[in-house]
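Dear colleague,

I am handing over the structure we spoke about, placed just below, and after it you will find my notes on what turned up. Please read them with the coordinates open beside you.

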Amino acid sequence: MEENAKYRQFQEAVLRVVSDTHLTHEQAMMQLSRLAESYTEGFPMPEGFLELQDELDEMSAMGEGFVPYVPRYILPDYDKLMREGCQFLRLDPPTNLREAINTLEIFYHHVPSTTHFPVFIGKLDRLLEPFIEDEAEAKVLIKDFMRFIDRTISDSFCHGDLGPKATTAGRLILEAERELQDSTPNITLLYDPDKTPDDFACLCVQAALDCAKPSFANHKMFSADLGENEYGIASCYNGLLLGGGSYTLARLLLNNIAFHSEGKEDFFQNRLPRAIDVQCAIMDAKIDFLVNKSAFFRSNFLVTEGFVHPDRFTGMFGMVGMCECVNDLLKKEGVDGRYGHDEVANALGDEIMAFIDQRVKAHHNPYCPQTGGRFLLHAQVGVDSDSQCSPGVRIAIGDEPDLYDHLRHCGRYEKYFVSGAGDIFPFESTAARNPESVLDVIKGGFAAGMRYFSTYSSDSDVIRITGYLVKRSDMEKYDSGKAVQHDTVALGANSMRLRHFDDRKLRSLC
């Protein structure tokens, strides 16, 4: 783009932000910082990138810009913080629950990410459990702690974990979340039927139906891929190494790759391999800049004090639109079949996934040693501007099969996505009377190979949009022109309009 035109475009974008009455001061400030990232190029674009991104719209850089100065997702070692404190922040190791909570609250303020907020706030029950002495006092402190997180971390991609073992801290967190009905933080139960008692898992089900959290992660599957005590769930449902994270996330728009293909042969021989290679190249370029040019890994206290380690970061190779991709290719081949319903369509989905998996694994990046020099596949949930594009490898909303076929379909594809894949199953409000049956559904899904299960109730105010949480009441305020605290409300409201998430099939236990 000609420099003067680019500068004028930048000015217009800045003026739109500063005059937007939807935005709080903090939200405007963060959008302005993202504009600086978007209009500056810190490294040469790999060959073919601009064509795929702009002209063909077959890949997306996920709003990261081209001067990365912090990893996209960071999972600090909060256990180290509890043991040793932090020199940079002048924090001693906590000795009681009040000090532990205060230490975490201070530390969170200094943990960056692509959202400018922490996307991982630790395995909360494990961090707090050793400090609980008086349960009545702990209940008050933990509720205040959860309220603090929601009111100061204004982004629902913030994520904390519970389990797999039942704890007093975990139970008190669930009670607090049901009382508060807040959208932040996102929470996951690391569920293992051999370690998680049914009574605690049912408490989690009841909370999920009430306030859309926690979701359930297949702890056995993630442990096999990343190590039992080595991973956390961050942001939407991203499985990443503790003490590390992800440098970057890019995604293939499989639906657009299929749209531009002449047919199946062109898709597999030309379009798909080219898109994979270009996406790997832009990820390489970003990671090289971040590691060798940006200051984070050379000077940030998280690195210098050992809360994160460079060798525990990887890259997330994302994709969306498998459903539309398969259906489009079958139509071009003159074959009847519908993704999620017919074996011919699901088999083509298998073929596409195997191709992507093999080609991405063949690519090597020297800055991802803990994942074998490979990027991890990620079933990306979409962005608010997506239209006619289903998240990851999910079946299109409104076209879901019966519950058990749907669970088996999820299990068929989620095995590929070490850094995250999942689906959402809202239940009718009557399911709250029978949490044991919902837990049986989750157990069945995990036995069939599912990696991640989310739910909420038809009458919940807090709901899951794709991988993040938003309150219906907040979206109503935003749509009426009022400013709201969480910037993810705008994403949720836009996604609702374009992608009709309220049309998800409601599940019944009858």
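**Strands, helices and core**

In β9, the residue that bridges to Leu 249 is Met 316. Before going further, please note that this is a predicted model, in which local features need pLDDT of at least 70 and side-chain atom pairs count only at pLDDT 80 or more, whereas totals for chains, interfaces and linings use all residues. Residues are numbered from 1 along each chain as its sequence is written, and side-chain values use heavy atoms, with hydrogens and water left out.

That bridge belongs to the pairing of β8 with strand β9 (residues 313-320), which is parallel and extends over eight bridges; helices (H or I, at least four residues) and strands (E, at least two) are DSSP runs numbered from the N terminus, and two strands pair if DSSP finds at least two bridges between them. Strand β8 (residues 244-253) is mostly covered, with ten of its ten residues buried, where buried means under 20% relative accessible area, exposed over 50% and partly exposed in between (1.4 Å probe, protein chains only). Strand β1 (residues 59-60) runs antiparallel to β8 and is joined to it by two bridges, with Ser 60 partnered by Arg 251. Strand β2 (residues 73-75) is likewise antiparallel to β8, through three bridges, and there Leu 75 has Gly 244 as its bridge partner.

A further sheet is open and has five strands in the order β3-β4-β5-β12-β11, with mixed pairing. Its edges are β3 (159-162) and β11 (423-424), each of which has a single partner strand, so one side of each is left without a neighbour in the sheet. Strand β4 (residues 186-191) pairs in the parallel sense with strand β5 (residues 215-218) over four bridges, and Thr 188 stands opposite Ser 215 in β5.

Helix α9 lies across β4 and β5, running at about 155 degrees to β4; axes are lines fitted to C-alpha atoms, for helices over the stretch in contact, and angles run from 0 to 180 degrees between N-to-C directions. The axes of α9 (residues 198-211) and α18 (residues 435-447) come within 9 Å and cross at roughly 100 degrees. These two helices are therefore roughly perpendicular to each other, a label that covers angles of 65 to 115 degrees. Their contact (heavy atoms within 4.5 Å) involves residues including Ala 201, Val 205 and Leu 209 of α9 and Val 438, Leu 439 and Ile 442 of α18.

Leu 209 is also one of the residues in contact with Ser 457, together with Phe 427, Glu 428 and Ser 429, once neighbours within four places in sequence are left aside. Ser 457 sits in the loop between β12 (452-454) and β13 (462-464) and is buried, with a relative accessible area of 4%.

Finally, the largest nonpolar core has 166 residues, of which Phe 107, Met 146, Leu 272, Phe 317, Ile 352, Ile 356 and Phe 453 touch the most other members; such a core is a set of buried Ala, Val, Leu, Ile, Met, Phe, Trp, Tyr and Cys residues joined through side-chain atoms within 4.5 Å. Helix α12 (residues 264-292) gives the largest share of this core, 14 residues. Beyond its neighbours within four places in sequence, Ile 352 is in contact with Phe 267, Phe 268, Leu 272, Met 322, Cys 325, Val 326 and Leu 329.

With best regards

Notes. Parallel < 35°, antiparallel > 145°, perpendicular 65-115°, else oblique.
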